[in-house]
Amino acid sequence: MRVALFLTCVNDTLYPDTGRAVVKLLTRLGVDVDFPMAQTCCGQAHYNTGYRHEAEPLARHFSDVFGEYEAIVTPSGSCGAMVRELYPRMGERARAEGRGDALAATLAPVVPKTYELTEFLVDVLGVTDVGAYYPHKVTYHPTCHGLRGLGLGDRPRRLLQAVKGLELAELPGADECCGFGGTFALKNADVSAAMGTDKVRNAESTGAEVLCAADNSCLMHIGGTMARLRTGMRPVHIAEILASTEEEPAV
């Protein structure tokens, strides 16, 4: 199967190891992975800040770049939700503004074949045991876009439960937002910081060494809070855990 890796801006700029982990994992599972060099931002930051029209060229470009692939896989619930949830809405709004069906028709091909990593593994490849090894105590935070937008449900947990050596600890208040929310963290910094502190204190109570999630943007916020509170815990993207093996263990 030939798929495209949609890495996202945050991962490409700040967390390239997550992208490498996705390629390593999917290749191990027999998937042919391409990285289209022309990929750019999907437009989520613009759209969520109220610049819907400015997001449209980015959405068109996304469709141009990724449209030929059988599947588009992203290690980001928030950017995956942008394509799956908000691209159709952008087309509908353009139609309602009297601009016809052109935008909707351009974006439609990429919507159903864009997958967050864990749903691609479970729903498309049909696997939960990916041959991973990670001898650490881990707690899992389901990020808002993955939980509420994409409906990832228990897919990430099922994958983690199958990892050899991993002890999975239940996170109290798991379904509560970590407080990041993109520009919310800038516009409402005090509230964001308080929510982040609550999340980290709950994670700390589990005794886990690692908090993992499927979105590095949320892990960035949580990790910064962990560092300021001197918890000793580490934020790790789920892709890096699933890519780890006994032969090539992740740190």
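1. A salt bridge here is a side-chain nitrogen of Lys or Arg within 4 Å of a carboxyl oxygen of Asp or Glu. With that rule, a search of the whole structure turns up 15 salt bridges. One of them joins the side chains of Asp34 and Arg2, at 2.9 Å from N to O. Because Asp34 lies in strand 2 and Arg2 in strand 1, the pair ties together parts that are 32 residues apart in sequence.

2. A word on the basis: this is a predicted model, in which local features need pLDDT of at least 70 and side-chain atom pairs count only at pLDDT 80 or more, while totals for chains, interfaces and linings use all residues. Residues are numbered from 1 along each chain as its sequence is written, and side-chain values use heavy atoms, with hydrogens and water left out.

3. Now to the strands, which, like the helices, are DSSP runs numbered from the N terminus (helices H or I, at least four residues; strands E, at least two). Two strands pair if DSSP finds at least two bridges between them. Strand 1 (residues 2–5) runs parallel to strand 2 (residues 32–34), with three bridges, and here Arg2 stands opposite Asp32. Strand 1 is also parallel to strand 3 (residues 71–74), again through three bridges; Ala4 stands opposite Ile72 there.

4. The protein chain splits into domain 1 (2–124) and domain 2 (137–243), with bounds from an automatic or database domain assignment. Their centres, taken over C-alpha atoms, are 22 Å apart. The contact (heavy atoms within 4.5 Å) draws 28 residues from domain 1 and 22 residues from domain 2.

5. How much area do domain 1 and domain 2 bury between them? The value is about 2000 Å², 62% of it on carbon and sulfur atoms; buried area is the accessible area (1.4 Å probe) that two parts lose on being put together, summed over both. On the domain 1 side, Tyr15, Thr118 and Val122 supply 22% of the area buried against domain 2, more than any other three residues.

6. Across this interface the rule finds one salt bridge. Arg155 and Asp123 form a salt bridge too, with their closest N and O atoms 3.0 Å apart.

7. Finally, the side of domain 1 that touches domain 2: helix 1 (9–14), helix 2 (16–28), helix 5 (77–96) and helix 7 (117–124) each supply at least two residues. Helix 2 gives the most, with seven residues.
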